[in-house]
Amino acid sequence: MKWIRAVLWAAAAILPLIAPLFLDRGMLNDLWQLALAVILASAWNLLGGFAGQVSLGYSAFLGIGAYTTLLLSLKGVEPFLTLPLGAVLAAAFSIIIGLPAFRLRGPFFTIATIGVAEAVRVCASSVSFTGGSSGLRMPTGSFNFNLNYFSMVILAIAVVATAAYVKSSPFGHGLAAIKQDIDAAEGVGVNSNRFKLAAHALSAAMVALAGGLYAINFQYIAPTSVFDFRLSLSIVLMPILGGLGTVIGPILGALIFSTLQIKLLSIPLLRDSFLFIYGGLLIIVMLYEPDGIVGVWRRLAPVRRIFNAS
Amino acid sequence: MPPEAILSARAISKRFGGLLALASVDFDVMRGDIFGIIGPNGAGKTTLFSCIAGALSPTSGEIFFRGERMNGLPNHTVVKRGMVRTHQIVRPFRQMTVAENISVAAHFGAGRRRGADADRSVRDILERTALAPDASALAGALTIGQLKRLEIARAMATEPQVICLDEVMGGLNPAEIVGAMALIRSIRDSGITVLMIEHHVHAVAGLSNRIMVLNFGQKIAEGPPQQVMNDPAVITAYLGAD
Amino acid sequence: MQQQLVSVILSALLAAGLYATMAYGLAVIYGVMRIINLAHAGLMMLGAYVTFALFSRFSLDPFAGLIIVGPFFFLVGVVLYRIMGSRLTRSNVSPSIESLLVTFGIWLVLQNLAYVIWSGDTQSILTSYTLKSVKILGVRLGVPSVLVFLASVASLIFLNLLLKRTYLGKAIRAVTQNRDAARLSGVDADRISATAFGLGTAFAGIAGGMLSTMQAFTPDFGRSFLLKSFCIIVLGGMESVTGVAVGALVLAAMENGLAVYTSVPTSLQDAVSFALLFIALVAFPQGLPSLFTRFARRSFR
């Protein structure tokens, strides 16, 4: 059984890499969006799914990554070289926020993150060097879609691989322990604060890298696009839909979400109803199957066994 | 504090708002002891364990472990230094297997094991606590007897020098109690000092070499089991004054 | 100088009334059911829109409209509870996070509802007195703000009477302090929860209605007020109307003081409120706000 899974994972990694050979630009663009969604969902899942700390403020990290790349590029730095700096800044910011915020438990931490994200958005819209509410453009020239495409796909593969590695590592087990019973985890020697900060920083860095790539591809950034609350919401919704705390969950969620986005945008009636859909999905999942698709799959196990036996 | 004492408490008091849960408790535990703590419900025994383990900070008083002052240190630090406690109401990681529960403790406890070394340690503890057959079972599916053993196994996996067992025999049938007593003796024989809170007075008397009695947050007796059991103050505390 | 101070105090007082009404809606639901109701923002927004609809369709004065909004939203709240309340206890994620996300979903649905019915255009209510002002103690204050203050005080007095004098009120306070003990004393926790949800929703609606007289609104509005409500509950606790009122005063005083005495631009003022929320959440882990002690106690076992 195990080798089937390995083959599937390998295929999932290789297919997008060879896609440019037979897909047109429009579809590759969709794949790029999907890769971005996978990165955001998987990265958030490190803290939100593995460690159980739900943050509604991840748009801040995307924005930090995007703006670092944008501003430094405007100063003449090669865009791709700015990416690591964006990651470092986002990680640092995540630690600054995390140090006080992680003292809060559960939903109170979540509320604090809403506050932080809002504060960041408000500040970013008011300050002039971000271009204010009208945003900024990347310097012209050197837009290379293929390069952008491959970098996003490779980042997605790297992020998912990292998530898989973390999940089975002692660090990942520590995070799971924190999620299930933080006091008992402390009671066996887990320094919960340090673990949460580490998971937060790692995921923030990943999101920031995606933010930088986003800036490079979109060429235009405004505070309303990168610091948007709806973005933070989608980042949270994807892993929840797919399956919190699993490796495949965020990917499934990202798939559904991206498909939904694309379909919604093409049907005018639905375009105005996306909040209904997001909200409805959130309500249904949380009330009936908090473990998302993976949870439903697991519940069907007895049924599947019957099919396998016959 | 006496040089051979591995754990010393001086004038430990703990106040919760208007409630004085612990009032100036003093005691010393020697290396290799099995130190029993008994007393009626509400006497403050679990609170005392929480203070020792670092889950709570004493309102006043000092705790010394291997010569170092421990009060105010966070729980995980205390564990890394070698003192661990189990919980009266078990707190397993329910969505992890038995083996995973134990390996978390092996990785992050005082032993700080990694890789194959950690796996070996986990297997060893599974054997000693008779949990080997259940190693891949999810903790959420175990019986109370198994859960109690898991609680102890996890504590053992941190490779402590002092282990504080909080009512591990609660809810066990007589056969399981005999098994638990044997396990506790084997823990002590492996070089770990044991503190145990227990209501099963016979078990405590049979295992401990010294017992302390708490009532209303105060120490009312301390000494070898026979002496403490016959102490009139202790009898009164359990049966009420006549 | 003195005039400035009076101005700050009066503005703060007026704002505090509204804030207290708004915060109480959140407080009662959390207190009784431990549900963090993010839909509160959506309900306030809806309150504004319903008041607006009554005004634009039937020319009903917004303050008179509040009398309809209150009971209507109470019913909405009870219905919402009946649909969702019983299910909010199963989980894999800890119950409170789940309830938070469900109410968040409700908020999104409400936003969409508003977009569909009223479109995303900015709306506002313009009555004969909207732009008038009145001089109190030498300070010029907008008429709507003063009316809002009076309406808030009225609702809070009503609330206080409800809590202190009626069985329902006592039951609510009892469940807030200790749900199990209250149930053992014969309180029907389910009915009280439904009532509390209705009450919280009603107050959200009324607060929204009041807000509609003072500023323009879109379906997106409500988030900053939601955060301010949290801030108030954390600062002042939620077991009594006085606690909420104190928290509201502190926040309002800080905002107005900041606006008058410093040069922080208005656009950043919200950021300051959020920062205060953050600081309040982190700095008061054990103290006055029972919101917190209860949570801390629960985790210590």
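The contact between chain A and chain C takes 37 residues from chain A and 39 residues from chain C. Please bear in mind that the model on the screen is a predicted one. On the side of chain A that touches chain C, three helices each supply at least two residues: α4 (79-101), α5 (106-126) and α14 (274-288) of chain A. Of the elements on that side, α5(A) gives the most, with 14 residues. By class, this side of chain A has 23 nonpolar, eight polar and six charged residues.

Two pairs of chains are in contact in this model, and chains A and C share the most contacts of the two. The other contact I shall describe takes 15 residues from chain A and 21 residues from chain B. Here, the elements of chain A that give two or more residues to the side touching chain B are α7 (170-180) and α8 (182-187). The largest share of that side, six residues, comes from α7(A). Its residues divide into six nonpolar, six polar and three charged. As for chain B and chain C, no contact joins them, and their closest C-alpha atoms lie 8 Å apart.

Let me turn to chain C itself. Chain C has 12 helices and two strands. Read from the N terminus, the order of its elements is α-α-α-α-β-β-α-α-α-α-α-α-α-α. Chain C has 301 residues, of which 52% count as buried. If one takes the contacts in chain C between residues at least 6 apart in sequence, 76% of these join residues at least 24 apart.

How many residues does the largest nonpolar core have? The number is 286, and the residues with the most contacts inside this core are A:Ile39, A:Val207, A:Ala210, C:Tyr19, C:Ala23 and C:Ala248. Helix α1 (residues 2-33) of chain C contributes the largest share of this core, 19 residues. Chain B takes part as well: the core draws at least three residues from each of its domain 1 (1-82 + 162-242) and domain 2 (92-159). As general background, nonpolar side chains tend to be buried together in soluble globular proteins.

Leaving aside neighbours within four places in sequence, C:Tyr19 is in contact with C:Lys228, C:Ile232, C:Ala248, C:Leu251 and C:Ala252. One of these partners, C:Ala248, is itself listed among the residues with the most contacts inside the core.

The buried residues of α12(A) are A:Ile248, A:Gly249, A:Pro250, A:Ile251, A:Leu252, A:Gly253, A:Ala254, A:Phe257 and A:Ser258. These buried residues pack against α2 (25-50), α6 (145-168), α11 (229-242) and α15 (292-299) of chain A.

Finally, chain B. This chain is divided into domain 1 (1-82 + 162-242) and domain 2 (92-159). The centres of the two domains, taken over C-alpha atoms, are separated by 24 Å. Between them, 13 residues of domain 1 of chain B are in contact with 11 residues of domain 2 of chain B. On the domain 1 side, α2 (75-81), β7 (162-166) and α6 (174-189) of chain B each supply at least two residues. There, α6(B) gives the most, with four residues. That side of domain 1 divides into seven nonpolar, three polar and three charged residues.

Chain B also has an open sheet of four strands, in the order β2-β1-β4-β5, with antiparallel pairing. Its edge strands are β2 (19-30) and β5 (68-69) of chain B, each of which pairs on one side only. Strand β1 (residues 5-16) of chain B runs antiparallel to β2(B), and eight bridges join the two. In this arrangement, B:Lys14 stands opposite B:Leu22 in β2(B).

B:Ala11, which lies in strand β1 of chain B, has a phi near 50°, a positive value in a residue other than glycine. B:Ala11 counts as partly exposed because there are 13 C-beta neighbours inside 10 Å. In strand β2 of chain B we find B:Ser24, whose phi is also positive, at about 50°, although this residue is not a glycine. B:Ser24 is partly exposed, with 15 other C-beta atoms within 10 Å.

Note on methods
Residues numbered from 1 in each chain as written. Chains lettered and ligands numbered in written order. Predicted model: local features only at pLDDT ≥ 70, side-chain atom pairs only at ≥ 80, totals over all residues. Buried ≥ 20, exposed ≤ 12 C-beta atoms within 10 Å, placed from the backbone. Contact = placed C-beta atoms within 7 Å. Nonpolar A, V, L, I, M, F, W, Y, C, P; charged D, E, K, R; others polar. Core = buried A, V, L, I, M, F, W, Y, C linked by C-beta atoms within 7 Å. Domains from an automatic or database assignment. Pairing = 2+ DSSP bridges.
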